[in-house]
Amino acid sequence: MTVSPLQGITHACFGLSYLCALLLEVAQMLWPRAVWRPLALVFGFAGLFAQTAFVLYHQPTPASPYGSLLLLAWVLAVFYLYGTVHHPKQAWAVFVLPVVIGLVGLSLVLATAGESEPEFGIPPWLTGERFWGVVHGTLILLAAVGVSVGFLTSLMYLLQARRLRNKVNPGRVVPLLSLERLETMNRRAVNLAFPLLTVGLLVGTVLAPTPGDTWLSLKILSTAGLWVVFLVLLYLRYAVHVPPRRLALLSIAAFALLLVALVTAHPFAVGGAK
Amino acid sequence: MNLRAIGCNVQSASVELREQLAFDEPKLARALAELPARYGAEAVILGTCNRVELYLARPEEDAPVHSPLIAEFLSEMHGVPVEAIRTHLYEHADADAVRHLFRVASGLDSVVLGETQIAGQVKEALEAAQKAEAVGPLLNTLFPAALRVSKRVRTETGLTEGHVSVSSAAVDFVREVFETFTDKTVLVIGAGKMGRLTLKHLQELHPARILVTNRNAEKAAAVAADCGGQALPWGQLDEALVQADIVLSTTGAPEPIVPRRRFDEKVRPRRGNRALVIFDMAVPRDFDPRLHDGDRVLVFNVDDLTRVVDQATQRRRSHIPAAEAIIAAEVARFVQDWNRRKDGPVIGQLTAEIDRLREAVLAPLLAKLNGKISAADRDYIEGAFRLFQNRLLHGPIAALQEAAHTGHSTTLREALRKLFGLQG
């Protein structure tokens, strides 16, 4: 049996690459030098390459907590690189990379011992009774991307608003996107995430119910809480016109609930985390 | 190098004198034609609102052009008594002139430290001189070098970072709040001078529309006509505040024109969640400062903007040593490169001359020994002569290169020319 070179890629490869990229970005903020940013991008791209290879090789299912965290980290890593390349003057990476690294770390904690062999052809989780579970997991994952973007833009918004409230010299601080831009991004992320989350939850409840799960389990409660927070967010934004600063706080709460929902044990993870 | 930088600037001459000495286009063309003809010198004239400077380079064997001559020239050109000019002129020679130009181009000699506009003016001065065919090898090398140094200082130090005017600081704050401006409304209240200057900067953001209101309708109409805006009656101030995204207020009102209660009752409820940035440039202030919440309503007064400007200026000052170090290194490099360039032909001629002498001695000798020595002996003799030549030349060439470092190779170059009978 031949051993694929991709088998040697581990969480450490991309996790540490992202960490190096983050440290270089911090160095760029503190001691600006022309060399930090390109080096950070090299590490960022190397991390993304390694994670992509890892995901392709191990094919983690989005229906498992482990898989959903890893895939969410991958999407956010793409988001980080896109943002850094397109907005080189903004302190993008210092907000996104800690989340990416955190998600990779969480997925590593959830990973069970023992490597599964790579699966080629149609993965088993795309066939049979697990299909609706995977649809449910994928929709929740896509909604999670929206929640994560909403969280990041909210953090940046709050920081930017705080600086403006204190009338901090614009030239003296970490460059951030404008309030208007951050608000727009947050609104789009929430608007996109809500229908995905709703349909994902409906699929999970109606078509792929979990045997043994009760309405009072932490996963169900946190997911329902997340949905309610989203509903409240939309209501406050469009019906009550609550100031964006309060909406940003709610977006951050939504992200916390999302993390709880994702790391809580999930029935579709049966058969190993990887 | 026979280079002089002669002129006056904001430190050495009053604005009245600088105005009198300013070169308009016809005068500039005339001067750039006159200077090479009269003094046999390459010439570039750098004229800005803060300085009038002439850069003059003559062949090394000629006497330099000194400031009294230039005072006379300027006196003739502008019809100003020579006594009124002479004492206000400064003169920088050779490497000092190079350093001066590098500092000027980098914004180190500017009133607003680190301003970048000067680099463009240096470039324009060179282009005007090139067009008039007033420049030769030295100034054609020096000015592009100055622009390169200016770029280095700009990119490698923080000398040009941050805004150092109240108006540009205001624009910086606006950019922190809004992303696009083509859908925004700017409201101008009053007609103060500071407001007009800031409005000019805000206009560069291309807002969708500008509304102008004033207690005096005529003044509002005049400001609106000036900026392409729309004048509104003073009675519609609340309505204008509802529509506005950016407010620029510069009235001379003795009390706030928009107290908090008025804003909260008549404006805020109708604005929805839209952000409003208010630049209250009036003293006493026009808007209640308690309106500022850092999110939906942001109020910046003159003190806030002045503080930003002071911080930026202070930060720029901290980068002066780094900028001066770059300039010192670049001046040394320029002087060395220039001297090497001048030494190159002398070294070439010297080597060719010694080559010729070696051949003149060696050829008859080898002809006489022809058939009596082996090929190996012949090679040995040729090698020995070449070695002798190299050792003979090593001293003068090394001395010339050493002198190039210090910028004093002219005398040595002349001595070598005379000693070895080289062409001038």
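Modeller: Let us begin with a strand pair in chain B: β1(B) and strand β4 (residues 90-93) run antiparallel to each other and are joined over four bridges. Please keep in mind that the model is a predicted one.

Colleague: With which strand does β1(B) pair over seven bridges?

Modeller: That partner is strand β3 (residues 51-57) of chain B, and the pairing is antiparallel. Within it, A5(B) lies opposite Y55(B).

Colleague: Why is β1(B) described as largely enclosed by the rest of the structure?

Modeller: The reasoning rests on a count of neighbours: a residue is buried if 20 or more other C-beta atoms lie within 10 Å of its own. Strand β1 (residues 3-9) of chain B has six of its seven residues buried, so the rest of the structure largely encloses it.

Colleague: Is Q121(B) buried, partly exposed or exposed?

Modeller: Q121(B) counts as partly exposed, because it has 17 C-beta neighbours inside 10 Å. This residue belongs to helix α6 (residues 117-131) of chain B. Beyond the neighbours within four places in sequence, Q121(B) touches L46(B) and T48(B). The C-alpha atoms of Q121(B) and G47(B) are 7.8 Å apart, although 74 residues separate the two in sequence.

Colleague: What is the strand order of the open sheet of six strands in chain B?

Modeller: The order is β7-β6-β5-β8-β9-β10, and the pairing is parallel. At the edges are β7 (230-232) and β10 (297-301) of chain B, each of which pairs on one side only. From one strand to the next, the twist averages 20°. As an example of the pairing, strand β6 (residues 209-213) of chain B is joined to β7(B) over three parallel bridges. In that pair, V212(B) is opposite A231(B).

Colleague: Which strands of this sheet does helix α8 (residues 166-177) of chain B touch?

Modeller: Helix α8(B) packs on the sheet against β8 (246-250), β9 (276-280) and β10 of chain B. The direction of the helix makes about 165° with that of β9(B).

Colleague: Turning to chain A, at what angle do α5(A) and α8(A) pack?

Modeller: The angle is about 140°, and the axes are 8 Å apart. The two helices are therefore oblique to each other. In passing α8(A), α5(A) makes a left-handed crossing. Among the residues that form the contact are F151(A) and L158(A) of α5(A), together with F255(A) and L262(A) of α8(A). By class, the contact comprises 14 nonpolar, four polar and one charged residue.

Colleague: How many residues of each chain take part in the contact between chain A and chain B?

Modeller: The size of an interface is often given as the accessible area lost when the parts come together. Here it can be described by residues: 18 of chain A are in contact with 23 of chain B. On the chain A side, α5 (131-165), α6 (179-207) and α8 (244-263) each give two or more residues. The largest share, five residues, is that of α5(A). This side of chain A has six nonpolar, five polar and seven charged residues.

Terms used. Residues numbered from 1 in each chain as written. Chains lettered and ligands numbered in written order. Predicted model: local features only at pLDDT ≥ 70, side-chain atom pairs only at ≥ 80, totals over all residues. Contact = placed C-beta atoms within 7 Å. Nonpolar A, V, L, I, M, F, W, Y, C, P; charged D, E, K, R; others polar. Pairing = 2+ DSSP bridges. Axes fitted to C-alpha atoms, helices over the stretch in contact; angles between N-to-C directions. Buried ≥ 20, exposed ≤ 12 C-beta atoms within 10 Å, placed from the backbone. Parallel < 35°, antiparallel > 145°, perpendicular 65-115°, else oblique. Left-handed = near helix turned anticlockwise from the far one by under 90°.
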